[in-house]
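This report describes pockets and helix packing in one protein model. The sequence and structure come next.

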Amino acid sequence: MKQLNNITILKGDGIGPEIVDQAIKVLNAIAEKYDHDFKYDEQLMGACAIDATGNPLPEETIESCVNADAILLGAIGDPKYDNDPNATVRPEQGLLKIRKTLELFANIRPVRIFDSLKHLSVLKPEVLQDVDMVIYRELTGGIYFGAKNKSENEASDLCHYHRFEIERICKLAFEEAQRRPRKTLCLIDKANVLDSSRLWRDVVQGMKDDYPSVNVNYLFIDNAAMQMILNPSQFDVIVTSNMFGDIISDEASVLGGSIGLLPSSSAGEKARLYEPVHGSYPQAAGKNIANPIATILSVEMMLRDFGMGDEADEIVEAVTYCIDNNLLTSDLLKENALFCSELGDQIARHISSKTKKDYGVLI
Ligand code: IPM
Ligand code: MG
């Protein structure tokens with residue numbers, strides 16, 4: 001297994017720098033305790049890159065990402081671009097281009113609910129019983145990347161998929177379903193209307209015999225959006241296209257009480273990129289109030305991918321400790337909330353203060 005040494009850091013916009021700083025504290029605590037050598041290379045992407053260079057994804061950033069073992073991203077986006085339909089340069093172009101350049105075709109978004117936060121969810125605690133799912137969202141195709149056209153009175157975005165693009169993400173999703181106790185894969189699509197969705201069904205049906213232990217089911221996206229609220233515990237592994245995955249994962253992210261808790265990893269053939277599911281939350285930028293947990297749990301995913309299971313477990317343990325002991329930011333706590341940097345300190349300190357986990361016998 002490849003070693004984790006060189007990490008490209010893309011703090012991005014809005015709350016990005018604040019939350020990434022906390023994740024770096026945690027990485028440093030792990031590095032010191034387990035004697036790892038993480039080297040950080042900070043680069044620009046998004047609105048901050050446009051401001052500095054005119055380009056949302058400068059060449060230097062691409063080069064660093066291509067040579068990295070892993071990439072840690074905060075968030076990108078700035079409202080000054082959102083309400084200008086004629087803007088030709090946008091922060092999001094940086095993110096879409098890095099996903100495409102690194103062929104990060106699978107965006108993996110696990111949804112886990114912390115017991116002690118269940119009462120904060122908009123859903124009743126009993127509906128959240130046993131919720132444990134992971135969303136495999138296709139990330140480099142579909143309507144995001146199809147041909148675009150806009151004139152004064154007409155506009156179109158093509159949703160195009162090639163069989164191989166569907167196969168490679170479905171393979172990862174089937175493998176994940178096979179590893180999980182419930183072994184259930186749900187394809188979310190709109191196959192009653194869209195040809196592109198019918199191709200997804202075709203591919204999944206063609207592959208399912210290769211994974212005989214996996215139960216496969218299908219839901220139309222409109223029904224799936226409803227089921228996510230009515231009965232979220234039915235989901236185990238979800239696989240879906242780029243746009244449907246974007247939407248359903250934001251919906252799933254509120255189940256646990258705050259969107260500030262959900263991490264993600266994006267996988268392809270090269271370095272993986274780790275980022276929280278939430279956005280750049282510009283209203284909170286610079287206020288030190290954002291929740292750093294989604295970014296810190298993205299680091300957990302990073303460490304696991306490099307075989308550092310004990311280190312990743314330490315992060316989960318420290319985050320769970322803070323959550324269970326009401327060491328929370330203001331999205332989750334009305335009174336006595338911690339600042340973003342304080343929560344980062346607490347999580348890092350918890351990791352440093354506990355004795356190192358026993359490695360067991362190394363073979
Ligand atoms: C996400 C975000 C991005 C997306 C935006 C910022 C382009 O919403 O990662 O889910 O739509 O993919
Ligand atoms: Mg999104």
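## Second largest pocket

About 490 Å³ of space lies in the second largest pocket of this predicted model. A pocket is an open set of points on a 1 Å grid over the protein atoms alone, where a 1.4 Å probe fits and protein lies on both sides within 12 Å along at least five of seven lines. A volume is the space filled by probe spheres set on the points, which are joined across faces, edges and corners.

The lining (residues with an atom within 4 Å of a point) numbers 24 residues, and Ile76, Glu92, Leu95, Val277 and Gly279 lie nearest the centre of this pocket. Two or more lining residues come from each of α4 (79-82), α5 (91-101), α10 (242-253) and β12 (272-276); α5 gives the largest share, four residues. Helices (H or I, at least four residues) and strands (E, at least two) are DSSP runs numbered from the N terminus. By class, eleven lining residues are nonpolar, four polar and nine charged. Here Ala, Val, Leu, Ile, Met, Phe, Trp, Tyr, Cys and Pro count as nonpolar, Asp, Glu, Lys and Arg as charged, and the others, Gly among them, as polar. Domain 1 (1-102 + 271-363) and domain 2 (109-257) each supply at least three residues of this lining; the bounds come from an automatic or database domain assignment.

## Largest pocket

The largest pocket has a volume of about 630 Å³. Its lining has 25 residues, with Ile108, Pro110, Val134, Glu176 and Met301 nearest the centre. At least two lining residues come from each of β4 (106-112), β5 (132-138), α7 (163-179), β11 (263-267) and α11 (293-305). Helix α11 supplies the largest share, five residues.

The lining of the largest pocket comprises 14 nonpolar, one polar and ten charged residues. Both domain 1 and domain 2 contribute to this lining, so the largest pocket lies between them.

## Helix packing

Helix α11 also packs against α1 (residues 16-34), at an angle of about 40 degrees and with the axes 8 Å apart. Axes are lines fitted to C-alpha atoms, for helices over the stretch in contact, and angles run from 0 to 180 degrees between N-to-C directions. The pair α1 and α11 is therefore oblique, the class left after roughly parallel (under 35 degrees), roughly antiparallel (over 145) and roughly perpendicular (65 to 115). Their crossing is right-handed, meaning that the near helix is turned clockwise from the far one by less than a right angle; anticlockwise is left-handed.

With α12 (residues 309-324), α11 makes an angle of about 160 degrees, the axes being 7 Å apart. The two are therefore roughly antiparallel, and α11 passes α12 in a left-handed crossing. The axes of α9 (residues 221-230) and α10 come within 10 Å and cross at roughly 15 degrees, so these helices are roughly parallel. The crossing of α9 and α10 is right-handed.

## Conventions

Residues are numbered from 1 along each chain as its sequence is written, and chains are lettered from A and ligands numbered from 1 in the order in which they are written. In this predicted model local features need pLDDT of at least 70, side-chain atom pairs count only at pLDDT 80 or more, and totals for chains, interfaces and linings use all residues, while side-chain values use heavy atoms, with hydrogens and water left out.
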